[in-house]
Amino acid sequence: MDGQPPKIPLRSPSEVMRLGRMGSYHPTRLSFMRQMLRRMAAEAWQVDRPLWDVDTHGVGRALYRARGPERTYTLVAFAHDLPDHLRSDRVIAEAWDATFTLFDGEPTQADLQRLEGQVPGQETARMSGRELTLSRANRSVRLFSHVVDRLANGEQPDTRMLSDVGYLMRTTAVYGSGKFGLSDREAIADRPEFASPFQAEMLTVWLIRAFTVDIAEHLARVRNPDAATLSPDLRRNLGVGNSTGLGMAPFLLTHPVLINNWIEAKETALARVRERPITEDDLAHLRRLVGRAIRNAEEWRSDHPLQVEKIQNMQHDLAAFDEWLRVVTADHFAVWDEVWIWVESSLGPEGQEQVLALLLEPFGEIIDDLCASMSADETAAFDIDGMRTVGSIRAQIECDYRWALDTDWNALTAKARLWYTSTEKLEPRLAERAEEPLEPYEQPLAPGREIAALYSDLCDAPSDQPIAVTLQAVPEHRYAVRRLQQMINHPFGEIQDNTIAHDMLPIDLLRAKLSFFGATRFDPRSDRWVRITMFQGAPFPNEPELWGLDDWMLPH
Amino acid sequence: MSWSLGEIQALTTKAARGAGHPWGVAEEAGWAVRWLSSFGLPGAEAMVSVLEDVGAKTCPISLGIAVADTQNLSPANGVKISHPLVLLPFLSRAARDGQIQIRIQDLVIHVARNGTDLNVTLLDHGILNVLMTAGARLRTPEFSRVYSIPKDALLRLERLAHLTYAPATEASRISGAGAGLTDND
């Protein structure tokens, strides 16, 4: 078409699907929390708390009810009195400060009785299929006591302390998708409110956030009937924490089609924005967003040396970008692509990914439709086409898995780690291969190695031989062949890095996944364990007039 | 006790791995039981027997895979196997390109009382006639959200699945998950 700029290609998977890059992903307006609140605002959902039955020790139950245009969901919360010595964020914990489930509809008394017998047990629970999620949370002891003390004294908590911790309670698991008898995702996937990924989980966490404030205010009132309540501004600055370990890491490897759809949506959004002409108003908007991102970076705390360095790099990048934006005007550019080219050539990965998120922010009307493409029918790519030829498989590997073929899989450093599942609560763990005899228990989480092994075995096979013949002789290659098939038309499905290398950082996997949730304040506690904050800055259920503003992810 | 299809699939996959199948084959076993369970057919019971029967001459999973991969029913023709129900999901997959047609709703299932014969024949118009041991009549699955596994089959699947879990050691408990030392902060 005349005058139409050439379509800007997406960034290459070989760039964005590297672990180092994924460990710098930032939440965007396409993140699942943002999607949920936009929908709830547009559809005028109503949220209330029909039950609060909690005693003076903080033990009892509460219900939070979310009513949409067609259906109602209820968070059932059980508050417990947990001794400090039992408080652990690990999956091997057996008791928590509070436990939750999201009920499909409104529970009857009989439902509540049944749930009270199951939900507090968490992994030992047998849920019914009427429940969509199962979750629990522990107090941030330091901040929780401080807030209760201050409110009981009729005062507001210390702003600085509140901002530093960022939450009163942190969830240590949010189970969904059929775990422990919960409803399968397929059973609810055709409901518009659950069309996007993790919407039931996001709703659960958002309602839990309201509970965390209610329970603190309740305990303050127990001590003093005239206790203060949290001021709305301070309250909004509290999110829900989340403490997450390796359990989440394999997800990115075991759901390649879904991951492709998330990342392809984000990359497509960037490409669309890069094609847009620049106006002076747009530039002014971006300058304000950069200022807020700079403040966000200042408030982002971590003691982990790797994360401290990343935050410093990002601060440096944001300062440079800010300075550059001050001297340019819209006259300098035709389209946003020119800004992006400067960003790519001048900033590091942390800065680039943060700016990407900022660039998407003003352009909801040309990118928000991409949200609809972020779920996946994962069964569609399961069947193996056994008539595919060896030559076709080899060509795909040579084209897309050069990184795997170039890895020396016999080197000790290349296969230093192994993923396994522990008998204890089936916790996913990572071991040093040479130090623990766990190889018989190894999980299939090193696709590069499996695909390189397949390639090596195919070297002498005739090009026109159907792969089914190979698979009958060597069924061990079935995992790799299926994976290759899943990758067709899904260029962002595979992490192009060695996931069992000696220097692999599981926190990179965690950050990539959590960024799509919309998590902020990524704070690693080790190379494989992280704390984050969810919904910090977001409106509360009783502030529906603010839900649709959709501008809460960066501090104002 | 109710189970989700996702759980049934995951448990069966692990059980198949525990029984010694490669991961890619184990995934097929999990998928097949999910498929059968979604029709209300006793897939878990049939599959666990197959997984335990390590000395069988013909493995219905391998046979099913061969049929599904090649879209060719002939390897299954006239073969005698135990628990032929396990073959059914793979036959359905072999039908995907319309070369073979299985009319689920119209399918009449004959029960062979002696229980071990499967006879797959291509009839006119590509309609498949399946003889198998299970007595259930196939219906189009509607998502019921509640599926059951008989206790016996469940325990046997769990026993096999357990073989894929590493015994916990103090070292792995501390370092393997990488958590911090205290959460009382």
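Which residues of β4(A) lie on one side, and which on the other? Ala98(A), Phe100(A), Leu102(A) and Asp104(A) lie on one side. Thr99(A), Thr101(A) and Phe103(A) lie on the other, and all of these residues are buried. The model is predicted: local features need pLDDT of at least 70, side-chain atom pairs count only at pLDDT 80 or more, and totals for chains, interfaces and linings use all residues. Residues are numbered from 1 along each chain as its sequence is written, while chains are lettered from A and ligands numbered from 1 in the order in which they are written.

**View 1. Strand β4(A) is covered on both faces.** The strand spans residues 98–104 of chain A, and seven of its seven residues are buried. Buried means 20 or more other C-beta atoms within 10 Å of a residue's own; exposed means 12 or fewer, and partly exposed lies in between, with C-beta atoms placed from the backbone. Strands (E, at least two residues) and helices (H or I, at least four) are DSSP runs, numbered from the N terminus. β3 (72–79) of chain A pairs with β4(A) in the antiparallel sense over seven bridges. Two strands pair if DSSP finds at least two bridges between them. Thr101(A) in β4(A) is the bridge partner of Val76(A). β5 (131–139) of chain A also pairs with β4(A) in the antiparallel sense, over six bridges. There, Leu134(A) of β5(A) stands opposite Thr101(A).

**View 2. Nine strands of chain A form an open sheet.** Their order is β1-β2-β3-β4-β5-β6-β7-β11-β10, with mixed pairing. β1 (46–54) and β10 (520–526) of chain A are the edge strands, each pairing on one side only. From one strand to the next, the twist averages 25°. β1(A) pairs with β2 (60–67) of chain A in the antiparallel sense over seven bridges. Asp53(A) stands opposite Arg61(A) of β2(A).

**View 3. Helices α12(A) and α13(A) cross at roughly 155°.** α12 covers residues 280–299 and α13 residues 305–327 of chain A; their axes come within 10 Å. Axes are lines fitted to C-alpha atoms, for helices over the stretch in contact, and angles run from 0 to 180 degrees between N-to-C directions. The two helices are therefore roughly antiparallel, a term for angles over 145 degrees. Among the residues making the contact are Leu283(A) and Val290(A) of α12(A), and Leu318(A) and Phe321(A) of α13(A). Contact residues have C-beta atoms, placed from the backbone, within 7 Å. This contact has 11 nonpolar, one polar and two charged residues. Ala, Val, Leu, Ile, Met, Phe, Trp, Tyr, Cys and Pro count as nonpolar, Asp, Glu, Lys and Arg as charged, and the others, Gly among them, as polar.

**View 4. Phe180(A) and Asp550(A) have positive phi values.** Most residues other than glycine have a negative phi. Phe180(A) has a phi near 55°. Its place is the loop between β6 (167–175) and α7 (185–188) of chain A. Phe180(A) is buried, with 20 other C-beta atoms within 10 Å. The phi of Asp550(A) is about 55°. Asp550(A) sits in the segment after α23 (544–547) of chain A. It is partly exposed, with 18 C-beta neighbours inside 10 Å.

**View 5. Chain B touches chain A.** Here 35 residues of chain B are in contact with 53 residues of chain A. α1 (5–18), α2 (23–38), α4 (60–70) and α7 (170–176) of chain B each give two or more residues to this side of chain B. By class, that side has 17 nonpolar, 11 polar and seven charged residues.

Technical notes: Contact = placed C-beta atoms within 7 Å. Parallel < 35°, antiparallel > 145°, perpendicular 65-115°, else oblique.
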